[in-house]
Amino acid sequence: MTVAHDAYVRQLIARAKDGTIPPQEVKQIAQAVTECQAGRELYQRLYAVARAGGPSYEPLIATYLIYPQDPEVSALAVQVITAHWRVGAKYRKQILELLGSHEWDLDDDVFMAAVSGAGWILHDGFDAELLRALLRLAEDGRGEYNDDLMQGLAGTFSTTAPFRSASPFRR
């Protein structure tokens, strides 16, 4: 990548956070993602589409919920769908699947996002199967991390706790 291209990607993220990407440009970025032209900037471009385009791009973001090629992209999609747009119940099957162990999720990024996402789904409504899956994980000792991120994810189970993980939409 060139320095100019790196600067463009940084600027794209900043503009997404500021809300200064016009709808037509969001549409072009989404089109590039759809046509598999996002390349190594898939995460950044999806982030920009989710942040600047909003829930109207739900179908696009949802296609990346299970994305073994890049676990960080998958984790981003889970966070956006469950915590930010709060439509995770529609994707409970995928969230349940992501609560399992996947050899492609080397750093447990997707697993942690799925635990958090499950918490948001349960926050918004009761789901016995999802709750059983989380309880099974707790009984098995899965996800016992002593870092701030996991403690933040655990906070999503409280109805008064704000989303405190490394949120893609935090400023």
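Helix packing and the nonpolar core

The largest nonpolar core has 49 residues, and Leu42, Leu46, Leu60, Ile61, Tyr64, Leu99 and Leu130 have the most contacts inside it. This is a predicted model, in which local features need pLDDT of at least 70, side-chain atom pairs count only at pLDDT 80 or more, and totals for chains, interfaces and linings use all residues. Residues are numbered from 1 along each chain as its sequence is written, and side-chain values use heavy atoms, with hydrogens and water left out.

User: What makes a set of residues a nonpolar core?
Analyst: The members are buried (under 20% relative accessible area, 1.4 Å probe, protein chains only). They are Ala, Val, Leu, Ile, Met, Phe, Trp, Tyr and Cys residues joined through side-chain atoms within 4.5 Å.

User: Why are H2 and H3 called oblique to each other?
Analyst: The axes of H2 (residues 23–34) and H3 (residues 42–53) cross at roughly 140°. Angles under 35 degrees count as roughly parallel, over 145 as roughly antiparallel, 65 to 115 as roughly perpendicular and the rest as oblique. H2 and H3 are therefore oblique.

User: Why is H3 called roughly parallel to H5?
Analyst: Their axes come within 9 Å and cross at roughly 10°. That makes H3 roughly parallel to H5.

User: Which residues make the contact of H3 with H5?
Analyst: With contact meaning heavy atoms within 4.5 Å, Leu42, Tyr43, Leu46, Tyr47 and Ala50 in H3 meet Glu72, Val73, Leu76 and Val80 in H5.

User: What does Leu42 touch, not counting residues up to four places away in sequence?
Analyst: Leu42 touches Val33, Tyr64, Tyr67 and Val73.

Methods. Axes fitted to C-alpha atoms, helices over the stretch in contact; angles between N-to-C directions. Helix = DSSP H or I, 4+ residues; strand = E, 2+ residues; numbered from the N terminus. Buried < 20%, exposed > 50% of the residue type's maximum accessible area, 1.4 Å probe, protein only.
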